[in-house]
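Let's take a friendly walk through this model, one neighbourhood at a time. Have the sequence and the 3D view open side by side as you read.

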Amino acid sequence: MKIVVIGGTGLIGTKLVGNLRKLGHEVTPASPNSGVNTITGEGLAEVLQGADIVVDVANSPSFEDTAVMHFFETAGKNIAAAEKTAGVKHHIALSVVGTENLQDSGYFRAKLVQENLIKASGTPYTIVRATQFFEFLTSIAHAATEGETVRLTSALFQPIAAEDVASILATISLEKPVNGIIDIAGPQKISLYDAVSTALSAKQDTRKVVQDDQSAYFGLVIDDQSLTPQGNAQLGMLTLQSWLATQ
């Protein structure tokens, strides 16, 4: 089958392209670097010509409210129109667990718009909502840093390795569309405080990590349900400790 991976040169996309090629499929990574721009539409119709499956793992280059909404709304409309013309049989998009419950965030408002555009597109689809990646723990720490102190809530989340995300996405991409949402997560629930403390310690980062349950997560007040799947979820294999051992 011909598969196009939008955002195919990024963290998840690179791994996904490799996984699908190992399975013997014709896979084209699409990104501005390869002449495909989902915002302007440049190269989109051409790359989707003859495609059976499209996997969208692209992320906005800016998380500012207006910019991120423009990115996901514009790209979503352009991709949907191009897929309809090309006769794409299955659209898979990577989203985030808990999106509908985190609407105080401009990023999650934009992700929900993206999801709704996919649902209304007429193309058979599967939305894969993932929990936070282990690879983002340092970014979470930076966002919570004041001086040399990192303040983090003990609210639970269930982080997953990018390697596992790509592996699960490859499997889902080759299955029948569910026309709905699949949650994926890591194998363990852990508090944000514990996860970041462990990751920074492993990197010999000297910042002091303090548990502060009043601290926000990227401006959001969260609890144990905010970032964790609330129903059945497909789970990755790598724990935080096993992932850190590979870094």
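## Ground rules

Contact here means heavy atoms within 4.5 Å. This is a predicted model, in which local features need pLDDT of at least 70 and side-chain atom pairs count only at pLDDT 80 or more, while totals for chains, interfaces and linings use all residues. Residues are numbered from 1 along each chain as its sequence is written, and side-chain values use heavy atoms, with hydrogens and water left out.

## A buried aspartate

Start at Asp183, which sits in strand 9, residues 180–185. Helices (H or I, at least four residues) and strands (E, at least two) are DSSP runs, numbered from the N terminus. Once neighbours within four places in sequence are set aside, Asp183 is in contact with Val97, Arg129, Pro229, Asn232, Ala233 and Gln234.

Asp183 is buried yet has no salt bridge. Buried means under 20% relative accessible area, exposed over 50%, and partly exposed in between (1.4 Å probe, protein chains only). A salt bridge is a side-chain nitrogen of Lys or Arg within 4 Å of a carboxyl oxygen of Asp or Glu. Which side chain of opposite charge is nearest to Asp183? It is Arg129, 5.1 Å away. For charge, Lys and Arg count as positive and Asp and Glu as negative, with His and the chain ends not counted.

## Aromatic rings

The structure holds seven aromatic pairs. Rings of Phe, Tyr and Trp (its six-membered ring) pair if their centres lie within 6.5 Å; planes under 30 degrees apart count as stacked, over 60 as edge-to-face and the rest as tilted. Phe71 and Phe72 make an edge-to-face pair, because their ring centres are 5.1 Å apart and their planes stand at 85°. Phe71 counts as buried at 12% relative accessibility, and Phe72 does too at 1%.

Phe72 also pairs with Tyr107: the centres are 5.9 Å apart and the planes are at 80°, so this pair is edge-to-face. It links distant parts of the chain, with Phe72 in helix 3 (residues 65–86) and Tyr107 in helix 4 (residues 106–120), 35 residues apart. Tyr107 is buried, at 13% relative accessibility. Phe63, Phe71, Phe72, Tyr107 and Phe108 form one aromatic cluster.

Asn59 lies in the loop between strand 3 (53–56) and helix 3, and is partly exposed with a relative accessible area of 38%. Beyond its neighbours within four places in sequence, Asn59 is in contact with Phe71, Phe72 and Tyr107.

## Salt bridges

How many salt bridges does the structure hold? There are six. In one of them, the side chains of Arg109 and Asp65 meet at 3.4 Å, N to O. That pair links distant parts of the chain, since Arg109 is in helix 4 and Asp65 in helix 3, 44 residues apart. Arg109 is partly exposed at 30% relative accessibility, and Asp65 is partly exposed at 41%.

Lys77 and Glu73 form another bridge, at 3.8 Å from N to O. Both lie in helix 3, four residues apart, about one turn of the helix. An α-helix has 3.6 residues a turn, so residues three or four places apart point the same way. Lys77 is partly exposed, with a relative accessible area of 47%, and Glu73 is partly exposed at 30%.

Arg207 and Asp205 meet in a salt bridge at 2.9 Å, N to O. Arg207 is buried at 13% relative accessible area, whereas Asp205 is partly exposed at 27%. Elsewhere, salt bridges that share partners join Glu100, Glu115 and Arg129 into one network.

## Helix 7 and its cover

Helix 7 spans residues 192–202, and its buried residues are Leu192, Ala195, Val196, Ser197, Ala199 and Leu200. What covers them includes helix 5 (137–143), strand 7 (149–152) and helix 8 (240–244). Gln204, which follows helix 7, has a positive phi near 55°.
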